[in-house]
Amino acid sequence: MRIFDPHIHMTSRTTDDYRAMYDAGVRALVEPSFWLGQPRTSPASFFDYFDALLGWEPFRAAQYGIAHHCALALNPKEANDPRCTPVLDALPRYLLKDSVVAVGEIGYDSMTPAEDSALAAQLQLAADHGLPALVHTPHRDKQAGLRRTLDAVRASDLAPELVLLDHLNETTAPAALDSGCWAGFSVYPDTKMDEDRMVAVLRRHGTDRVLVNSAADWGRSDPLKTRKVADAMLEAGFDEDDVDKVLWRNPVAFYAQSGRLQLDPAAPAPLHEGNSVLRGGE
Ligand SMILES: [Zn+2]
């Protein structure tokens with residue numbers, strides 16, 4: 001079984017997670033930039049983070065046979081902090097990098113006017129760079145959040161087939177799929193979507209334009225949720241081709257629109273800028 005996790009925050013995970021993911025079948029992933037769990041106080045903090053997503057994380061992933069790509073953006077939450085918004089001016093030079101396969105994660109957190117402008121500006125950046133966009137939908141007030149997100153997408157120059165709407169559930173899936181965008185479902189351990197609810201969504205809506213991710217980060221989450229959904233699909237009577245479509249071909253088709261997917265993992269290098277993942281320079 002081959003798995004592509006289209007949304008996972010590896011920077012907050014360990015090398016043991018990389019090994020377990022490889023053993024479960026994960027061969028490629030996209031790591032979108034997001035917030036750190038605490039506020040950043042300057043754009044420089046973002047730039048160091050972007051550089052880590054472009055260099056150190058792909059280096060770590062390659063040690064475990066996984067192809068690493070990233071999506072870069074000013075995240076919805078920090079779009080509200082005037083100390084951080086100058087990041088928008090610097091993004092164009094980052095979006096030129098080879099392993100950047102989308103602008104993301106963008107979208108709404110609290111649905112403020114500052115989030116409106118950051119979302120519109122970054123949808124435009126995606127359109128200007130010919131890149132897809134990973135758009136997070138709010139965890140609270142999901143229906144209103146999705147409506148406002150779809151309004152922003154329709155008002156933009158970015159075609160719906162270049163938009164992945166994420167963190168959907170049973171209530172937001174129909175409108176998301178009707179819009180022509182791709183539909184992403186984050187499967188978490190005890191809240192929001194779980195494996196069985198995900199299988200029910202697939203039964204109801206089919207497998208076209210549907211993506212499943214673990215969205216694993218520093219919070220309670222599970223980087224093996226993609227595999228657990230695959231197993232639940234097989235148990236529920238989906239066949240291996242259905243699983244391959246949802247867990248591999250769909251995310252590949254979505255991000256391949258960037259023209260930058262490299263599905264063969266890079267050869268593992270011994271060092272990244274003089275540092276290794278090993279202790280004591282073994
Ligand atoms: Zn995320």
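Among contacts in the protein between residues at least 6 apart in sequence, what percentage join residues at least 24 apart? I looked this up before anything else. The figure is 74%. Two residues are in contact here if their C-beta atoms, placed from the backbone, lie within 7 Å.

**Entry 1: what I am looking at**

I note that this is a predicted model, in which local features need pLDDT of at least 70 and side-chain atom pairs count only at pLDDT 80 or more, while totals for chains, interfaces and linings use all residues. Residues are numbered from 1 along each chain as its sequence is written.

I listed the secondary structure and found 9 helices and 8 strands. Helices (H or I, at least four residues) and strands (E, at least two) are DSSP runs, numbered from the N terminus.

**Entry 2: overall dimensions**

I took the box along the principal axes, and the C-alpha atoms fill roughly 50 × 50 × 35 Å. I then checked the radius of gyration, which is taken over C-alpha atoms; the globule rule is 2.2 Å times the number of residues to the power 0.38. For 282 residues the rule puts a compact globule near 19 Å, and the protein, at 18 Å, agrees with that.

Buried residues account for 44% of the 282. A residue is buried if 20 or more other C-beta atoms lie within 10 Å of its own, exposed if 12 or fewer, and partly exposed in between, with C-beta atoms placed from the backbone.

**Entry 3: helices α2 and α3**

I compared α2 (residues 43–63) with α3 (residues 87–94): their axes come within 10 Å and cross at roughly 25°. Axes are lines fitted to C-alpha atoms, for helices over the stretch in contact, and angles run from 0 to 180 degrees between N-to-C directions. Angles under 35 degrees count as roughly parallel, over 145 as roughly antiparallel, 65 to 115 as roughly perpendicular and the rest as oblique. The two helices are therefore roughly parallel to each other.

The crossing of α2 and α3 is right-handed. A crossing is left-handed if the near helix is turned anticlockwise from the far one by less than a right angle, and right-handed if clockwise.

Which residues of α2 and α3 meet? On the α2 side I found P43, F46, F47 and F50, and on the α3 side V87, A90 and Y94. By class this contact has 7 nonpolar, no polar and no charged residues. Ala, Val, Leu, Ile, Met, Phe, Trp, Tyr, Cys and Pro count as nonpolar, Asp, Glu, Lys and Arg as charged, and the others, Gly among them, as polar.

**Entry 4: helices α8 and α9**

I repeated the check for α8 (residues 225–235) and α9 (residues 240–256), whose axes come within 10 Å and cross at roughly 155°. That makes α8 roughly antiparallel to α9. The crossing of α8 and α9 is right-handed. T226, A230, M233 and L234 of α8 make the contact with D242, V243 and L247 of α9. I sorted the residues of this contact into 5 nonpolar, 1 polar and 1 charged.

Is A71 buried or exposed? A71, in strand β3 (residues 67–72), counts as buried because it has 28 C-beta neighbours inside 10 Å. Leaving aside neighbours within four places in sequence, I found A71 in contact with residues including V30, P32, V101 and L134.

E57 sits in helix α2 and is buried, with 23 other C-beta atoms within 10 Å. Not counting residues up to four places away in sequence, E57 touches M10, T11, E31, A52 and H68.

D23 belongs to helix α1 (residues 15–24). With 11 C-beta neighbours inside 10 Å, D23 counts as exposed. D23 and Y64 are 41 residues apart in sequence, and I read 9.5 Å between their C-alpha atoms.

**Entry 5: backbone exceptions**

Most residues other than glycine have a negative phi, and most peptide bonds are trans. I looked for exceptions.

The peptide bond from G104 to E105 is cis, with omega near -10°. E105 is found in strand β4 (residues 100–107), and E105 is also among the contacts of A71.

M111 is not a glycine, and its phi is positive, near 60°. M111 lies in the loop between β4 and α4 (113–129) and counts as partly exposed, with 17 C-beta neighbours inside 10 Å.

A215 also has a positive phi, about 45°. I placed A215 in the loop between β8 (210–213) and α8. A215 counts as buried, with 27 C-beta neighbours inside 10 Å.
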